[in-house]
Amino acid sequence: MFSKEKIIYAYTVEKCNQCNLERKRKFKEGDFLFAETSKCDSCNGMTIIEKIFGETIEK
Amino acid sequence: MCLLDFTNIDFDQLFGLKDDTNPIMMLIWIVPIIIFVFYGQRIQLTITSGEIKNGIKKLEDYKTKSRNELIDYIKKNMNPKDDPTKKIDRFLDYFTIMPVDMDPNGIVAKVRHIVRARENYSREHIKSLSPQTSDLELTKIQTLLEIATSLQMIYKVINHLFLTAKKHNNYPLILPLQMILPFILEEAEAMHKAIPAFKMGQPIGDGIGPMIVGKMMLDTKKESITFQTVLSETQYDGRKLFLLKAEGPGSTVGRPGDAVESIVFKNKPDIIIMVDAALKMEGEESATIAQGFGAAIGGIGTERFQIEDIATKNNIPIFAIVIKQSVQEAITLMTKEIAGKADNVRLQIYEMIHDNTKPGQSILLIGVGNTMGVSQ
């Protein structure tokens, strides 16, 4: 009956270009698509930012 | 105890239905008719005014908030020596006079000249606030300024129309305003909600085209072909692929028209494929993909004119792939659904290349849209 408050949370998805392992985390300022971020936890390859998107959560 | 008998009411007697000359009934029917004949428009004007006033209040709120957020952002990120408030207020009042269209011949070049002169002017003057500001920050501030200017202009125009109608007690004048206000409010709300994404440097829905082409550009040699526009070359299944997009991760759409002119002049491609975000119709699902023909590019129309002109003169077919979204989705943080379609669109591009070209031919692929938060 009453409209719920909608909050958008921004997420960043990092993907390893060797083992394709994906990791989703909260977006932080300075993130941009295809930027190299860190070494992969599983294979030591480089991870790049594959996606940045917002997810709406109703409260 | 006295009990009222509600079962024995004579309605005919109560409302005087049996007697046509009942004076009370005559008054009940005739007085409102007289009031509505003489004051109907004023009553409607008063009722409609209330709704419009609420809308204008929202527009004023968006205008004020966007201005304040822009000034705060400049103070925080540019560290200007002097208070930028006066200068920003002057920027917000800038207007653009479009060229005379009585003789439309050559009007596109004139519009392009005026729009670019305005862009160059505002870029230089924002930079003058603090010359050491990075290009990335400059593009963000320029977009925030565009948003604040647009919201200010929308508020001023709508308020002017409303006050004019009220001043003359002119109901027909307020009708078109009542009709367009929901659409104006939708766009203004979308612009207001876009501010956080631009401040944070996040990709917006319109950035899906640059996102798709940007990924294909990874590990290729990129060159700056025109202002804020990058080109790279790669091979796909025996075909030469020219990839074009605005230079990210700043907030810009680049100059694809000039870039296409330059590419076609040097290496005439056999087909052009344009990938862009498109406005969905009401009832359509968001993030659906559609293919078609023609130049998929929005904006004021000058870039589209230029691309269509070059393609026509050189007999190059233009194919389009669009990702549907609402106005709000197009200019706010990219949704998960839209971002999730990137791989699917890339597959459709390869399929399109296979279906429409032969090995040895060349393709120009353009990722159209604002490349905020999307590098290459």
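**Two chains, one predicted model**

Of the 59 residues in chain A, 25% count as buried. Keep in mind that this is a predicted model.

Let me stay with chain A for a moment. Chain A has four strands and zero helices. Along the sequence, the pattern reads β-β-β-β. What is the span of its C-alpha trace along the principal axes? About 50 × 20 × 10 Å. Now the radius of gyration. Chain A has 15 Å, while a compact globule of 59 residues would have one near 10 Å. Next, contacts with a separation of 6 or more. In chain A, 53% of these are between residues 24 or more positions apart.

On to chain B. Here there are 12 helices and seven strands. Of the 376 residues in chain B, 36% are buried. The C-alpha trace spans about 100 × 55 × 55 Å along its principal axes. In chain B, residues 24 or more positions apart make up 78% of them.

Now find strand β7 of chain B, residues 362-367. Is this strand mostly covered or mostly open? Mostly covered: five of its six residues are buried. Look at its partners. Strand β3 of chain B, residues 239-246, runs parallel to β7(B), and six bridges join the two. In that pairing, B:L243 stands opposite B:L365. Strand β4 of chain B, residues 271-279, also runs parallel to β7(B), with five bridges between them. There, B:I271 stands opposite B:I363.

In soluble globular proteins, nonpolar side chains tend to be buried together. In this model, the largest nonpolar core has 86 residues. Which residues have the most contacts inside it? They are B:F242, B:L243, B:I273, B:M274, B:V275, B:L364 and B:L365. Helix α5 of chain B, residues 135-167, gives the largest share of this core, with 11 residues. Why does the core lie between two domains? Because domain 1 (42-200) and domain 2 (205-367) of chain B both give residues to it.

B:I273 is then in contact with B:F319, B:I321, B:I349, B:M352, B:I363 and B:L365.

Compare a residue in helix α12 of chain B, residues 342-356: B:Q348. B:Q348 is partly exposed, because 18 other C-beta atoms lie within 10 Å, and a buried residue needs 20 or more. Beyond four places in sequence, B:Q348 is in contact with B:I289, B:Q291 and B:I321. How far is B:Q348 from B:M179? They are 169 residues apart in sequence, and 40 Å apart in space, C-alpha to C-alpha.

Last stop: where the chains meet. The contact takes 13 residues from chain A and 18 residues from chain B. On the chain B side, helices α7 (208-217) and α11 (336-339) each supply at least two residues. Which one gives the most? That is α7(B), with three residues. By type, the chain B side divides into nine nonpolar, seven polar and two charged residues.

Definitions and conventions: Residues numbered from 1 in each chain as written. Chains lettered and ligands numbered in written order. Predicted model: local features only at pLDDT ≥ 70, side-chain atom pairs only at ≥ 80, totals over all residues. Contact = placed C-beta atoms within 7 Å. Nonpolar A, V, L, I, M, F, W, Y, C, P; charged D, E, K, R; others polar. Buried ≥ 20, exposed ≤ 12 C-beta atoms within 10 Å, placed from the backbone. Pairing = 2+ DSSP bridges. Core = buried A, V, L, I, M, F, W, Y, C linked by C-beta atoms within 7 Å. Domains from an automatic or database assignment. Rg over C-alpha atoms; globule rule 2.2 N^0.38 Å.
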